[in-house]
Amino acid sequence: MALQSDKSISRVSELTTREGETVKLRGWVYAIRSSGKIAFLQFRDGTGICQLIVSENDMSGDEYNLATGLGIETSVQVEGTAKVESRAPGGVELIVKHLTVIGQSEDYPIGRKEHGPDFLLDKRHLWLRSPKQAAILRIRSSVEHAARLFLHDEGFFEFNSPILTPTACEETTLLFEVDYFGLSAYLTQSGQLYSEAGITALERVYCFGPSFRAEKSKTRKHLTEFWIVEPEMAWFDAEDNMEFQERFIKAMVAYVLEHNEKDLTLMKRKPEDIDLSAKAFEIITYDDAVKDLKANGFKTEWGRDFGAEEEAHLIKKMETPFFIYKYPVEARAFYIERDPSDDRLALSSDTFLHGEYGSEICTGGQRASSVEFLEEQIRRLKLNLEDYEWYLDIRRYGSVPHSGFGLGIERTVRWICGLHHVRETIPFPRMLKRLSP
Ligand code: 4AD
Ligand code: MG
């Protein structure tokens with residue numbers, strides 16, 4: 001019999017609506033606690049956690065002995081009566097009548113004691129199962145799904161940019177080089193330049209995929225492989241771009257609030273910690289941010305991007321997400337439009353989430369329209385002009401004002417979940433000193 005043809009199997013997330021019914025579940029036992037003639041088995045499937053009540057009153061002696069002697073992470077099928085119980089993990093219990101072992105598990109390496117991050121990352125393939133990690137991954141999946149839902153509602157098309165690229169989009173020092181049949185290729189840093197070509201066909205596109213950066217520093221917000229969603233829009237200027245980001249970020253957070261209530265509870269994140277619906281994102285100019293930093297004892301030089309401590313200072317003061325807008329041209333990538341009212345400035349913004357877990361989550365801006373200006377910028381950065389001829393063609397043939405941005409999934413999930421480090425927001429993190437498992 002095909003395993004899925006058994007329609008009597010339920011999933012943990014359905015239990016609250018099945019109070020009093022006899023249901024069957026399949027999943028894993030992640031903890032056991034006995035007290036006299038009753039045992040409490042912490043159980044999880046892919047949708048969440050619940051508590052199994054195992055008692056000699058409700059099941060045969062053999063099955064009771066089997067259930068209370070299970071090794072941690074044994075996979076089982078259970079049958080019993082569903083009961084809503086707010087004090088139980090996951091808020092629901094199953095009074096078990098039958099239990100069958102599907103896959104044995106002995107001496108599971110991750111125990112109840114505290115493990116260090118290196119141990120847990122070495123065992124990431126197992127650590128993923130712990131209820132908190134699974135909750136983070138469900139929230140991540142919601143963020144990604146919400147991003148796509150929102151963008152399609154707004155008339156966007158998903159546009160797959162290449163992963164193997166001949167040129168840099170961002171910092172050339174952060175490229176991962178691969179041998180491409182004797183030529184040098186690089187793993188993509190951003191699909192943006194390709195999406196700019198995409199808008200001339202489809203007007204509103206987004207690419208969504210991994211980005212690779214050879215980051216040599218160890219920080220809490222940098223991975224060498226991370227996921228980025230990059231909307232690019234024709235007929236949007238830099239201000240439209242910021243207004244759109246605000247709605248986009250709010251939509252993703254609202255989706256998580258609606259669909260991941262139990263996961264957020266498990267993360268000890270309260271709705272009011274992340275609810276952005278009543279918050280207006282503030283816009284602060286780069287100039288004002290520099291003034292603020294100087295007034296607070298920082299030796300910030302006008303013309304440079306902010307360092308980690310400067311960023312932390314700016315975030316700490318804020319109670320809403322915010323943009324920093326109009327950076328100096330030399331602090332931005334080559335493709336950003338200059339401010340018509342002050343050509344030292346670029347029509348580019350960074351977007352920050354506020355509070356303890358906040359950081360820059362997006363960079364974006366209006367794209368330069370002049371071929372001459374772009375050529376000048378490409379030369380300034382000592383990039384090979386020939387490599388970008390195709391990109392300049394976008395301006396040569398029917399150029400339109402356009403803007404876009406890239407949002408980092410891991411930093412967004414980190415903020416929603418209230419995590420100190422981005423390494424827990426992705427199934428298998430890649431960092432300076434970590435390539436496995
Ligand atoms: O600021 P970045 O480098 O901007 C771009 O790549 C633009 N081409 C995007 C665009 O306009 N389409 O990257 C965008 C975002 C950052 O704000 C951050 O959230 C995330 O990607 N990010 C990283 N996340 C984790 N680890 C890293 N090393 C990251 N580098 C950037
Ligand atoms: Mg940036």
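R87 is exposed, with a relative accessible area of 75%, where exposed denotes over 50% relative accessible area, buried under 20% and partly exposed in between (1.4 Å probe, protein chains only). R87 forms a salt bridge, its closest N and O atoms 3.0 Å apart, with E85, a residue that is buried at a relative accessible area of 13%; a salt bridge is taken as a side-chain nitrogen of Lys or Arg within 4 Å of a carboxyl oxygen of Asp or Glu. Both residues belong to a network of salt bridges that links K83, E85, R87 and E93. The model is predicted, so that local features need pLDDT of at least 70 and side-chain atom pairs count only at pLDDT 80 or more, whereas totals for chains, interfaces and linings use all residues. Side-chain values use heavy atoms, with hydrogens and water left out, and residues are numbered from 1 along each chain as its sequence is written.

Across the whole structure, 30 salt bridges are found. One of them joins K326 to D339, with 3.0 Å between the closest N and O atoms; because K326 lies in strand β14 (residues 322–328) and D339 in strand β15 (residues 338–339), the pair ties together parts 13 residues apart in sequence, strands being DSSP runs (E, at least two residues) numbered from the N terminus. K326 is partly exposed at 21% relative accessibility, whereas D339 is buried at 5%.

The magnesium ion (ligand 2) is coordinated by E360 (OE) and T363 (OG1) at 2.2 to 2.4 Å. Of these residues, E360 is partly exposed at 21%, and T363 is likewise partly exposed at 31%.

Terms used:
Chains lettered and ligands numbered in written order. Donors = N, O, S within 2.8 Å, 3.2 Å for Na, K, Ca; no water. Helix = DSSP H or I, 4+ residues; strand = E, 2+ residues; numbered from the N terminus.
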